[in-house]
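I'm opening my notebook on this one and jotting down what I look up, in the order I get to it.

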Amino acid sequence: MMKKFLIICTLTLMVSAPLFAEANPSRSKLGEKAFQHFENYCFDCHDGETTKGDLDLANLLQKDDFDGSLIFEHLITSRMPPKNKKQPRAEEKRLMLSWLAQRQTESAPNSYRRISRHEFVHSVNDLLGVKLDLAGMIPEDRGTYNFDSDRRVQLTKEMLTSYFSVADEMLEFALPEKGFAQERILVTNRIKDSHKTYNIYTQKYKEGILFSWTRANNGNSYSFFYDNFDPPVRGWYDLTFDAMKLGSFKEDVSIQVFAGKYYYADDRPQQQRLLGVISLGNRDVKSHTVRAFLHPGENVSVHCYSKYTFRKKTGEQGAYIKQLKVRGPVLDEWLPSSYRNIFDGLPMNAPPRVARNTSVSLTKLKAIGGSISVSSFQKGMEKEKMQDGSNRTFWHTRFKPTLAKPPHYVILENSKGKEIEGLSYATWSGGNGNGQVKAYSIHLSDEGKSWGPPILEGKLEIGLANEQSILFPKPTTKRFIKFLVTDALSLDGKSLASIGKLDVMTTLPRPVSTIEVSVASSSPKDLKKVIKRFAQKAFSSNLSEEELAPYYGVSLNSLKEQGDFVMAAKVGLKAIVCSHRFLMAPGEHANRSYLMAADLSRILWLSIPDEELLSLSKTEKLSAQTIPAQIERMLKDEKSRRMIHSFCAQWLNLRSFNKVTPSLKLYPLYDDLMNHYLPLETEDYLNHLIQENLPVGHLIDSDFSFLNQRLAQHYGIEGVIGQQMRKVTFAPEVPRGGLLTMGSVLKVTADGFDTSPILRGAWVSKNIAGNTLSPPPESVKAIEPEHGKEAATIREQIEQHKNNKVCYACHKSIDPYGFALENFDATGQWRSKYRVKKPHNGTFQFRLQGYHILAGDVDAVGEIDKSKFEDVFGFKKILLSDHKKVAYNFAKKFFEYANGYQPNLKQRLHLHAMISENAQECRMKDLIVKVLGYSLRGE
Amino acid sequence: MRTISRKDFLKIGAALPLAMKSLSLRAEGRRKQPPKRIIFINSCLGFYEPYFFPKKQGDFSTSDYLKGMKTKGKMTVFQNLFHPGMDTSNHDSEKSFLTGTPSPESPNFVNDISLDQVLVRKMGGETRFPFLNFSIYDRGWGCSWNDRGSAIPPMHDEEKIFGMLFGEEDLKAKKQQLKNDQEILSCLHRDLAQLRKRGSEHGKLDSYQPVIAELELQLNHEKFWLNTSKPKVEKSLSDDQEFVFSTKIRNLFELAKLAFRTDSTRVMTISMDWIYGAIKVPGATGGWHTLSHHGGRKDVIAKLSHIEIDTLKHFNQFLFELDQIKEEGGTLLDHTTVMMGSNFGDSSNHTCNNLPMIVAGGGYRHQTHTVLEKQTPLCNLYLELLHKHNIDVGSFGSSEEDMGLLNS
């Protein structure tokens, strides 16, 4: 073996080529020296005789072509040679690394990338001066990779198609063809009725309603829907709750405000969006406003929570909401910023836009001018009770003083002949159910006298408060519809009928009054100005006449053909945001400053450059000297939170955070508030580390985090009142601090039931600790342990890895990382014993204590690189002892986030060189500035 | 101002005749021969082998999973098919399910065109939608890959799919929009030409150019179809919220059936991607992926099998319903090749040998259960499917030969 190498060396000496410039670096002087170092430090364990880890380095290094990245990573992160072996000097190590980097043949990534769907939406929002979250309309665009910007993913026709339609939607929202909807104010203190078992958790109180908390029997957070409010158009609405807290406990009561569809008041899961959380600590009524984007068809609901009011039927405890005021759609200013942005400098006209009071129609029948008549009624239970929006009040056939004889029926008069698709029925809720309709038939008539044969006969469910739809075979415009009761529940054998709600199903015309903004121009010159200004911002460049021509041309064409100035502008703007100059980065830039401005703003803001960056670029003033100050300024801007959010989504996979719902049997206390706040903790924390330029060690451990009342409860920390996030300092015995022990990371690395030390360990090891792992070898029997009644079994199962050399080579860098975190369950809560699910009897009923038993003790002991640890405290110490590894990993991840590809070995050498030996000097913002500066130089 | 270039004209010209022919046939009221359709389904965590393959060759009653199939006479289970080059591919093997491209796990992997997309070239011109591809959730990739090896993002929202297939459109607005979009595409072409002349980076322009060219074709296609109203069907999607996963699978099959029945498309793929986290099906709740690593434990396999049984239940129903729809010379199933399988043979151990593969329908003389020689390239079957659909190619992926497994 050595003989062969010597021959190669002799050859090399003969040609004596310069360092770093050879076709085959293994034959260089550098190669010779590096090889000697490898021989000195590595071959003891990794040569043809002792192939530890199945690696014969002596043989491998002489090959012309091999992947040296794993060796490189092990060497640069000092994982190899092992601590107890002879270590290369810094200079020697650098040489070995350089040689590996030199000879690594990596296929260069594409010199360009597409912008991600998130970057697209943010950029267009900023260009238009609107705030629309439409990224979900564009298909997930990162392929199988972790980072959204991955250069391997190429633009497809399907992506471009969705860009076209999202651009249409955003332009229509910014410059609506038929004007902006009138602003309305609706004040209400009523909620829709709900299932009788939930009605007991709300009570009429003073002028409004007192809510106590409940979770439905199946564990879903039951929400109470407000009135019949339905947003007339999509847009931003201010939801102002006049509310206060009731109860003598210290903690705030939270009101979670949701948008969702009111299907019916059953306890089925309902898809809802959390709009915001109101933290009620005030003991007198105050206004709390949530600004939310709502779509037509969505209703607003609230869910009130405090651990002291769980299913409290009586007593004055909970959230008292006096009223809800809905105002909207709101615009920040009038004229709207979209018009100001796009048509700046042109005369614009619009009548004033003043908010007007409005009310909602209780039933559709009333809205179409219809009326109702009945066969008979009991006093106090008149026909109007079916039409008052409540199913706690109801119509009942007469039973006093005399019993009304069948037939019992309701006739709905559709006096204007609207198209009726069917009926919507609900039983009355809260009573004994007497008279609930079991079967019916529907008859139609032109004049209300002669009725044909039934067009429909059917059955209805009793004992449910949900609205039940009765869909006609085909829509009818007949004037009279008879709902004939053919069978009803009778507790006493008498012939009765009762109905909580009855309404028609029909599509209501939406008379949305709008206010149009007009731009008083039709001149091509003005149009050109508009297009040019927009294009220069979008493209981050100065544009010549020639460059502008296609975009101006397509607008002008439309202006000529259709004569509408704003429409014509929209065509041009759409072309701009769908062009390759906009969708592909780098675009086409007039100088390097513009290019760097575009890069910086895409990385830090996921958007386009602002005025300052553009004006610096115009005079080519962006340089190595001015960039750090610009990064500093850009980080201070609110828009940098997008980068934090996006980076967390990609690096820490927080985008998958909500994909798993923890088991209600094991983790009954986990709720929507946790889903909302856990990722925020991580974002707030990372943002703080960057803004305050704290040492990178904080990624692993610190004595603080950002918490609120709910998270503090989850972590078992006392004295945090209120749901606003704030910095909380931990006592030394608290096992939190750093990313590893955050609920977000712990939850996203578990499947909602159990934790797997292997899966969580591999993830943490790779993504946070910065180890490089190779994929599992082929056809190895995988161990996927499960927590049984005996906790010992899990360790026993996994420790099998130790018995197999091939497995252990990697698993020694996986399993301990998982075991160290075994004290944290699948929701990130501390545990010292495992929980094992218990079966429930009959239908699952939610209960606070869940369904589980405590099994064996958690054993979080482990060993990393010959250092033993007892628990997560010791584990963190070991990770912290090597701050360079943590920093190097972060730098690599940020590089990949910023550039859309993993740094190659040469680039990694540069990144590594940025990291200070002194842990205190190695700081987050500094590192980001350096990584970005290096990326922008494009080396 | 606006002129149609010769190139544009040729493109429009190329797309139209097929569609014209199709329309005139529709006008005749009946066609002589019902069209051929094809659908590929990948269940990416596979099926537990001992329950899937018949224990006794050729006898479905010895397969726990397949014994209840209602269209037994019209299906064949293939044993021992595989894609070479997937030894260390793990989950990445999913990318190559319909392409057969080896080493999908390598960092610089570039995929090839998928089988369905090759078929689309031949079979896609005559319908409103040249092809459809579905997935369970918004993951951005599934079974279908274009000729540049890029994933074609599948649709996953049932409501949206239904609306696209059968929903009414504001024709006037749509017409105006198509016109605007076509103008925008010409504008983008002009800019690209300008940049090319100025020597802007070619790689970038080259990756954008074909995309707008394809969109241009699509717009022409859409414009043509504006003249024909969409078929009307009754909405038959389930909104059962209790078993969301199960509902999803059912609905995607339902949409596939409707799309074929109305001849809205002739080529489809469904990717049953691995759902992250726990799913609930009748009889079991659990992390699909976690369960798939059953390690041979009986209780875990029992849970996993509930998920697989649920999937196959919907598949069974899908075949059955296709077979209930009468067409000239047989049933819809007889004119639809249905291929269902997985990129994993044994997902517990991440092996990609002995893939569970079913071919149903298509009017073939089915063999019930065909046990092939070990390690027979799946691409042999793919090649045969291409031939069966009149695409005369010598090879596809790792194919060695058309083995004549499916005789008509």
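**Confidence.** Chain A averages a pLDDT of 89, pLDDT being the predictor's confidence in each residue on a scale from 0 to 100. I note that 93% of the residues in chain A score at least 70. Residues 1–23 of chain A are another story: pLDDT stays under 50 there, and the model has 19 contacts beyond four places in sequence for them. A contact here means two residues whose C-beta atoms, placed from the backbone, lie within 7 Å.

**Ground rules.** This is a predicted model, where local features need pLDDT of at least 70, side-chain atom pairs count only at pLDDT 80 or more, and totals for chains, interfaces and linings use all residues. Residues are numbered from 1 along each chain as its sequence is written, while chains are lettered from A and ligands numbered from 1 in the order in which they are written.

**Chain B overall.** I counted up the elements of chain B and got 10 helices and 11 strands; these are DSSP runs numbered from the N terminus, with helices (H or I) of at least four residues and strands (E) of at least two. Is the chain the size of a compact globule, or what radius of gyration does it have? With 408 residues, a compact globule would come out near 22 Å, and chain B has 22 Å, so the two agree. (The radius is taken over C-alpha atoms, and the globule rule is 2.2 Å times the number of residues to the power 0.38.) The C-alpha trace of chain B spans about 70 × 50 × 45 Å along its principal axes.

I also looked up the domains, whose bounds come from an automatic or database domain assignment. Domain 1 of chain B is 1–32 + 170–229, and domain 2 is 34–168 + 232–388. Their centres, taken over C-alpha atoms, are 32 Å apart.

**A strand in chain B.** I picked β3 (residues 132–135) of chain B. B:Leu132 and B:Phe134 point one way, B:Asn133 and B:Ser135 point the other way, and all are buried. Buried means 20 or more other C-beta atoms within 10 Å of the residue's own, exposed means 12 or fewer, partly exposed is in between, and the C-beta atoms are placed from the backbone. β3(B) pairs with β4 (residues 267–272) of chain B in the parallel sense over 4 bridges; pairing takes at least two bridges found by DSSP. B:Leu132 has B:Met268 as its bridge partner in β4(B).

**A sheet in chain A.** Next I found an open sheet of 3 strands in chain A, in the order β21-β18-β24 with antiparallel pairing. β21 (468–476) and β24 (501–505) of chain A are at the edges with a single partner strand each, so one side of each has no neighbour in the sheet. β18 (residues 420–426) of chain A joins β21(A) over 5 bridges in the antiparallel sense, with A:Leu423 opposite A:Ile470.

**Where the chains touch.** 52 residues of chain A are in contact with 54 residues of chain B. α12(A) gives the largest share of chain A's side, 7 residues.

Most residues other than glycine have a negative phi, and most peptide bonds are trans. I found a cis bond joining A:Met80 and A:Pro81, with omega about -10 degrees. B:His350 has a positive phi, near 55 degrees. Is B:His350 buried or exposed? It counts as buried, because it has 25 C-beta neighbours inside 10 Å.
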